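Hi everyone, thanks for making time this morning. I'd like to walk you through a model I've been looking at, so please have a look at it on the screen.

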Amino acid sequence: MSNKTLPTWIDVGVIPLINVCLAFLVSGFVILLIGESPLEAVQYMITGAFGYAEGIGYTLYYSTNFIFTGLAVAVAFHAGLFNIGGEGQAYIGGLGVGLMCMSLDSFMPWWALIPFAIAAGAAFGAAWAFIPAYLQAYRGSHVVITTIMFNFIASALMVYLLVNVLIEPGTMSPQSRVIADAAILPSMKDVFAVFGVNIANSPLNIALFLALICCVLVWLLLWHTRLGYAIRMIGFNEQAAVYSGINTRRTIVITMCISGALAAMVGINEVMGAQGRVLLDYVAGAGFTGIAVSLMGRNHPVGIIIASLLFGALYQGGAELSFEVPSITRDLVVVIQGLVILFCGALSLMIKPTIEKLFMKFFAAKESANV
Amino acid sequence: MSDFMLIAISTLDATIRVSTPLILCAMAGLFSERSGIVDIGLEGKMLAGAFAAAAMAAVTGSAWMGLGAAIGVSICMALLHGFACITHKGNQVVSGLAINILASGLTVTLGIAWFHQGGQTPLLSGDARFFSIDLPGALAVADVPVLGAIYTQLISGHNALVYIAFMTVPVTWWLVYQTRFGLRLRAVGENPQAVDTAGISVFWLRYRAVICAGILCGIAGAYLSIAQNASFIREMSAGKGYIALAALIFGKWRPKTALLACLLFGFLEALTVRLEGVPLPLIGEVPAQLMQATPYILTVVLLAGFIGKAIAPKAIGIPYSKER
């Protein structure tokens, strides 16, 4: 194989970077096509995302969701499973978080409630991932197709529950009641206020810390535990995993449940944090963005944090951009997201041969110079 | 005519209208998947086609130009899918997903920039749309009991694209099962090495398969925006591409059974509208959401092997490399 010809820093650093740049380049052409200046757009986006305190808050708030869904996709990917169901798992997970918060919010404050909320969300998200996982492992149906189907089933189920069961009596909009103030996660503004630092108001809350903890846990799980070894071995070569005595079926189910539980943590950030209630369609595509994030971050927690920041900035910057330039809407961010998935995912192998050739040429030239 | 007949005929009529894009997309998926290329990008190609059709029809005032634009754009997206999956051996699911997301973003972005109507295209009328056609003799037999009503209201009176959609099923069957191209297509989805050994280009065969898928998705898109509706509306494909994919799997990757699955799923959707708020005897009111989720639930149950077994083409999802 030609794997060895490229050093790691090119393989995990330069090539993904070039792919992202290609995606942005094409996005620039799209902006040109609709008659706006790409450079101006970039300027608005950067100022919108990082230029002022509130913007940074929003950027990090979006990033929090993407870290969760990105990790969810990555964990499954290491076992060779493509979990497209992050959207549905996050949606159902948020239901678990919401139900737990609503049943306990009159008894305890947020710091006592959060372990229960995390457990309930994780259980609901894992349960929603369990069925496709079981069917993949034991009945041979493909997890990609079943998770797509489960996204739609989740969406129908949640509409039914919000319209008929969870709706606050006497109101018309399909959403649950608001969770008691004391049970809602403190925003970053409150946290910093404790230390006497005043920061701008934004939906950013302490779920960001949970996201970072999850990154560390996923890193530990994948590279420093027996289970993580089994997961990666299945992804690398399932036959070899079977022969080395790994119970692949059980591992596949466990992996998918972990993945679903991670996606469900979006519920902590949204239901228990920013929104304070279960809203219709509150995941708003974060599950799909997670796929782009994971592909871009090469399925590694560090890469996922960087990619999440980028996508958080795109979301917040995109909102700012649509405010400044009326002919551009946030749908442009969806275009960019699609292009990132295309170049970092589907076409990730496209430039490799070229880079390999260039590298060999450069390398060979240096070698001969040394001789 | 009895009330029951009226209701039955209007529900079946709605079934035909709702099933049309499903049939076209399912046949599109059949070409692609039987050649070994997973196609979850049906949704995106249909959406892009719908936008292209409505935009072209709005500019030129011709429905046929719109149809042509839809097919053209849809083929371009199919070729992109092929470029990623066949030429560069990329992950087919990732590529399909990218196409769906790209189509969802691009249609609205371009729609707003070009037409300034919040992502919609201008309302179409006259020759810019496909209108219903009365089949010969429809008026003459309208008074014949039962059969006359069925012919006049159910079979006659649809637009050209509906008839095209139903025609694609026998054509697909003939192409896939009765021609040399079809034999090779099925072979390349089962065992590409064997096809390659016989001196036939795997790449070119698969490219032709995704182009066929592009054509059919384009027609489905045009049906949505310039036949069933009178303009493009954002996200107007609304998961139909995925339902078609489910129908294809439910129909076990065969034209006839896929058609039946499309009609079943279409019937469920028509029934959902019909049963909205109406209590049924014995079971009471069925929630609309349950009816909407039924195609997906049925497909999952089928995939789980509880009602028959859906066996996918053997080489599906695996990029073919000539060397080694």
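I'll go through confidence, the two chains, their contact and then a few local features.

First, this is a predicted model: local features need pLDDT of at least 70, side-chain atom pairs count only at pLDDT 80 or more, and totals for chains, interfaces and linings use all residues. For the labels, residues are numbered from 1 along each chain as its sequence is written, while chains are lettered from A and ligands numbered from 1 in the order in which they are written.

The model scores ipTM 0.89 and pTM 0.90. For chain B, the mean pLDDT is 90, with 98% of its residues at 70 or more; pLDDT is the predictor's confidence in each residue, from 0 to 100.

Now chain A. It has 16 helices and 0 strands, where helices (H or I, at least four residues) and strands (E, at least two) are DSSP runs, numbered from the N terminus. Its radius of gyration is 22 Å, close to the 21 Å that the globule rule gives for 371 residues, so chain A is as compact as a globular protein of that length. That radius is taken over C-alpha atoms, and the rule is 2.2 Å times the number of residues to the power 0.38. Along the principal axes, the C-alpha trace of chain A spans about 80 × 55 × 40 Å.

How much of chain A is buried? Buried residues make up 53% of the 371. Here, buried means that 20 or more other C-beta atoms lie within 10 Å of a residue's own, exposed means 12 or fewer, and partly exposed is in between, with C-beta atoms placed from the backbone. As for contacts (C-beta atoms, placed from the backbone, within 7 Å), take those in chain A with a separation of 6 or more: residues 24 or more positions apart account for 76% of them.

Chain B has 12 helices and 4 strands. A compact globule of 324 residues would have a radius of gyration near 20 Å, and chain B agrees, with 20 Å. Its C-alpha atoms fill a box of roughly 70 × 50 × 40 Å along the principal axes. Buried residues make up 51% of chain B, and 76% of its contacts between residues at least 6 apart join residues at least 24 apart.

On to where the chains meet. The contact takes 39 residues from chain A and 36 residues from chain B. Which helices of chain B supply at least two residues each to the side that touches chain A? They are helix 4 (92-115), helix 10 (240-250) and helix 12 (288-303). The largest share, 15 residues, comes from helix 4 of chain B. By class, that side has 23 nonpolar, 12 polar and 1 charged residues. The classes count Ala, Val, Leu, Ile, Met, Phe, Trp, Tyr, Cys and Pro as nonpolar, Asp, Glu, Lys and Arg as charged, and the others, Gly among them, as polar.

In the loop between helix 12 (266-274) and helix 13 of chain A we find A:Ala284. Its phi is near 50°, a positive value in a residue other than glycine. A:Ala284 is partly exposed, with 16 other C-beta atoms within 10 Å.

Helix 13 (residues 286-296) of chain A is mostly covered, with 11 of its 11 residues buried. A:Arg298 follows helix 13 and has a positive phi, near 55°.

Chain B has a positive phi to show as well: B:Trp253, near 60°. B:Trp253 lies in the loop between helix 10 and helix 11 (255-275) of chain B, and is buried, with 22 other C-beta atoms within 10 Å. For context, most residues other than glycine have a negative phi.

My last stop is A:Gly312, in helix 14 (residues 301-324) of chain A. Buried or exposed? A:Gly312 is buried, with 24 other C-beta atoms within 10 Å. Leaving out residues up to four places away in sequence, A:Gly312 touches A:Thr59, A:Leu60, A:Tyr62, A:Ser63 and A:Phe66. Its C-alpha atom is separated by 9.3 Å from that of A:Ile56, 256 residues apart along the chain.

Terms used:
Contact = placed C-beta atoms within 7 Å.
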